[in-house]
Amino acid sequence: FMENEGASSEAEQRISVPNEPVTFIFEKAANACNAKNDGCCKIWFLKAIEYNLLLECGKGFCVGLRTHLFGALAKTEEGCRALRENFDLERCVENIFDRGAPPEVRISNLWAVVAAAESDLGIEVLLGIRKGFVSDFLNVVTEDENLHVRGVAFLGLSLLSKSHEARKMLSDLGWEKSNDPQSTTYLPKDLNDLFRPVSRNFDREKLKDHANDPFQHAGLTENDRSVLAKISQLNNHILAKDAKANLLRIRKSKTNAEDFYQNSPLFMATHELLKNYSFGLPTRRFIWEFFEKQYL
């Protein structure tokens, strides 16, 4: 490297990288003799690296979004009429709040609808389609079971809040604009609303229903259930080896061989098990061979 005379000293050398917040500090080692010229050469070792961190808040990072077709049409009365008649805006609104719809469908419709809500005419049309549109939209932001949809809806608030009517409704519902002047994000007065856990509602009656439970199949004996349990263990990578060995031992037993070929309840229960759960192809083949007569 080339020594920086302005910052050099007898024992230490500092070198700064242009346009980078880093400085390399080298320390001079003891002089070493040069065998070629019988002189002395300088040997330097890297001692430290200094980083200069700028702790001042810089400018906010902004991303400009292209104008959405729905947003452009919603700026005029003729465009709003076209949205309802030709673009099925009502269906787009329904898809946002339909938690049974695929997430990608909900998200694409969500972006289209909030783009239309940017203008006062657009939000007026949306409120005509769904009176509680804004409050229902906030429920998606805070309570939806799909976190991806919830996050996209939160980002969509920035577009929704561009119309005067939507801002007024957001304020009435307890939401306020961020204190950051460069941000258009709206936040609830109680920030805990944004971090509500995802609710998982199970139908306990369905959980108690054994109609599709292979182990409750009619005609099964306790011995059959024991065999069926070993078959189910083939799907467990920890228990599969022992389960397969036990099944092979049972299959080779002359007293049990004919029973497997003629045991219709066990065969049907196994079929139900394979239908309801995922088994690899080699495992499925092993199970089917378990009931084939040619292996008797």
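Select E118 to begin. E118 is partly exposed, with 26% relative accessible area (buried means under 20%, exposed over 50%, partly exposed in between, using a 1.4 Å probe and protein chains only). Helices are DSSP runs of H or I, at least four residues, and strands are runs of E, at least two, numbered from the N terminus.

This is a predicted model, where local features need pLDDT of at least 70, side-chain atom pairs count only at 80 or more, and totals for chains, interfaces and linings use all residues. Residues are numbered from 1 along each chain as its sequence is written, and side-chain values use heavy atoms, without hydrogens and water.

Next, go to helix α10 (residues 222–233). Here R225 and E222 sit three residues apart, about one turn of the helix. They form a salt bridge at 3.4 Å. E222 is exposed at 63%, whereas R225 is partly exposed at 24%.

Now select E12, R14, K47 and E50. Salt bridges link these four in a network. R14 and E12 meet at 4.0 Å, N to O.

Finally, colour by pLDDT, the predictor's confidence in each residue, from 0 to 100. The protein averages 78. Helix α6 (residues 133–143) is highest, at 90, and strand β3 (residues 32–33) is lowest, at a mean of 44.

Notes. Salt bridge = Lys/Arg side-chain N within 4 Å of Asp/Glu carboxyl O.
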